[in-house]
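Hi everyone, thanks for making time this morning. I'd like to walk you through one structure, so please have a look at it while I talk.

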Amino acid sequence: MSKKVVSEHTNMKTIRMIILGCLALIVAILLIAYLCVSQYYKEHFYAQTYINGMDCSNLTAAEARERITENVNTYVLNVKERNDVTERVVGADIGLKCTFDQDIAKVLDEQSAYSWILNTWQDNKVDNPYQLTYDEEKLNAVIDKLECLQEKNEVAPENAKVSSYSKDKGFTVVAEKQGTKIDKDKFVKAIQASIKNLDSQVVIEKQDCYVKPEITSEDTSIKNTMDTINKYMATKITYKFGNKTEVFDQADIGPALKVSKKGNVSIDEDKIKEYVEKLAKTYNIVPASIDFKTSYGTVVPVENIDLGWKLDTDTEQKDLIASVKKGEQKQKDPTCKKKGRAYGTTELVGNTYVEVDLKNQKIFFYKNGKKMVDAGIVSGNPNTGHSTPAGAYVIAFKDYDRYLKGATWNSHVTYWMPFNNDIGLHDAYWQHGNFGGSRYLVHGSHGCVNLSLTTAKTIYNNVDAGTPVICYR
C-alpha cells in the first residue's frame, strides 16, 4: 500500500472522530440544558400556566400565591357599557378575598418537571387551588348604585316598525333601536362570573345583558306588513266621467293606510269617503230645476229633479275599499244613484223621453226626436190626495204581465214602467178606454199614469231603464 493511500485513510478517520465528538458534545450540552430547565421547573410553574385564569407563568409557589393575593387585594372590575361608558366594581368595596383550599406548593409538586418541554407551547390551566369569596349584600349594593341601572339613564329598546306615510318616501322600515336598558339578572350573573375569574373587564354587550327589541327590521312581521302595504299601494283605479278621468292611486291610498303597533294594516274608511265625496262634489250634476220645452212649444219650469248624474257614494266607497284590499288596477265607470243619458251634458232630457201633461191629461213620447205617442191619460186623483207628482224622473225598469198590489187593490197590468218609486206608467183596462179630459178627478189613480193598452205597448217597446219622464202642470 502506498504512503499516499495510508495518509488519506488516516485523515478520514480523524474527521469522523471529530464529527462524532462534536455531536456528543452537542447532545451533552442539550442534556445538561434539559436537566437544568427540568430542575428549574421543579420549583417553578410551566410557562403558559394559569391558576383560576390568572397568569402564573414561571413563578414559584410563593410568588404565585403572592401574585394571587395581591391581585385579589387590588382587584378592580371595569364594566364596559354602551356609548363608551365604563364603570368600576372595586374588590375592596365588596369584601373580596381569597382562601386557598390547598397549598399551591402541592399543586406545583403535581407538575412533572421533566415534561416541561411538552408543555411549553400550550396553556396549562389549574383550577380551584383557592376560592374567592365576597359579601353578596355589598356586591348587590355596589351594583344597584351603578349608573347604568339608574332609571334616569335607562333607555328602553324600540322595536323596528313601518313608518307613517310620507308624500316623499311613502312607507319605510324604521330600524330598531337598541337602547341602554339592562336585564339585571343577566347583568348580575355576568359581574359575578367576571369576579370569580378575576377578569379585568366585562363587556356588557358581549355578555348579552341588554334588553333587546322584540322586533327587528328583519322580522317576518315587518316583511308581511310591507308586503300588504305594497299590495295596497299598487292599486290604481281610473274613473271615467265622460271625456274626463280621475285616477285613484298611491297618492290617495297612502294617507288612507294605518299601521298599528302590531304591524296590522288597516284602511281609514273616512279617508276613502272623503275621496269619493270629493268626486261627487266635482262631478254630480243634479240641478234644482230645469226649463222644459213642451210639445206645445212653451217652456215650463220643472222641479223635483231626478235626472242627471249622482254618485252612489256609499256603494262606491265600499267598492273602492274592496279594490284596495285586492290591489286592483282597472278602469271603471263610477257607481251612480242617478245616471244621465250622456255625462257632462247640460241638456239632461235629450231627444228620447216621455212627456206627461198633468193639467191637460196628455202623454207624448219622443224617440230620437220623433213623436211616437200623442194620447190621453188618467193620472192620480187629487181629490183623494193621490195627485201624480210633477217632476223630472227616469224609468227605473220595465216589467211585463204582472199584478200591482195595494191596500185595497190587486190589479193586473200587461206593461209596467215605474219612474217614481211605486208610481209608474201602465195600461189600465178598468178605465174602459176612457182617457184624457177630467176623468182623473173622479176615476183617477193612486198616483200612476193610466194608459190605453196600445199607448202602453208602444212606449214599453221603445224605452229603456233611464229614459226620462217629465211630468208638469
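This is a predicted model: local features need pLDDT of at least 70, side-chain atom pairs count only at pLDDT 80 or more; totals for chains, interfaces and linings use all residues.

The largest nonpolar core has 39 residues, and the members that touch the most others are Ile68, Tyr130, Phe187, Ile191 and Ile195. Two or more residues come from each of α2 (61–73), β3 (76–81), β5, α3 (104–109), β7 (130–133), α5 (136–145) and α6 (184–196). The top contributor is α6, which gives five residues to this core.

Now for leucine 96, in the loop between β4 (85–90) and β5 (97–100). Is leucine 96 buried or exposed? Its relative accessibility is 8%, and buried means under 20%, so leucine 96 counts as buried. Beyond four places in sequence, leucine 96 touches Val72, Tyr75, Gly91, Leu132, Thr133, Tyr134, Ile195 and Leu198. For a sense of distance, leucine 96 and histidine 44 are separated by 52 residues in sequence and by 27 Å from C-alpha to C-alpha.

Next, please find helix α9, residues 269–283. How far apart are the end C-alpha atoms of this helix? They are 21 Å apart, and since 15 residues at 1.5 Å a residue should span 21 Å, the two figures agree. The buried residues in α9 are Ile272, Tyr275, Val276, Leu279, Ala280 and Tyr283. These residues cover an arc of only 140° around the axis, so they sit on the same side of α9. As a reminder, an α-helix has 3.6 residues a turn, so residues three or four places apart point the same way. On the other side of α9, Asp270, Lys278 and Lys281 are exposed.

What do the buried residues of α9 pack against? Their partners are β11, β12 (244–248), α8 (250–253), β14 (265–267), β17 (310–311) and α10 (313–326). At the start of the helix, a side-chain oxygen of aspartate 268 comes within 3.0 Å of the backbone nitrogen of aspartate 270.

Threonine 235 is my next stop, in the loop between α7 (220–233) and β11 (236–241). With a relative accessibility of 1%, threonine 235 counts as buried. A polar atom of its side chain lies 2.8 Å from the backbone oxygen of tyrosine 232. Further along the sequence, beyond four places, threonine 235 touches residues including Phe248, Ile253 and Val324.

Another threonine, threonine 49, is found in strand β1 (residues 49–51). Threonine 49 counts as buried, at 2% relative accessibility. Among the residues threonine 49 touches are Met54, Cys56 and Val126.

Finally, look at β24 (residues 399–405) and β25 (residues 410–420), which run antiparallel and are joined by six bridges. Together β24 and β25 form a hairpin, with four residues between them. Which residue in β25 is the bridge partner of aspartate 399? That partner is tryptophan 416.

That's my tour, and I'm happy to take questions.

Terms used. Residues are numbered from 1 along each chain as its sequence is written. Side-chain values use heavy atoms; hydrogens and water are left out. Buried means under 20% relative accessible area, exposed over 50%, partly exposed in between (1.4 Å probe, protein chains only). Contact means heavy atoms within 4.5 Å. A polar contact is a pair of N or O atoms within 3.5 Å; within protein, one must be able to donate a hydrogen and the other to accept it, and residues adjacent in sequence count only if both atoms are side-chain atoms. Two strands pair if DSSP finds at least two bridges between them. The expected span of a helix is 1.5 Å times one less than its number of residues. The arc is that of the directions from the helix axis to the C-beta atoms. A nonpolar core is a set of buried Ala, Val, Leu, Ile, Met, Phe, Trp, Tyr and Cys residues joined through side-chain atoms within 4.5 Å.
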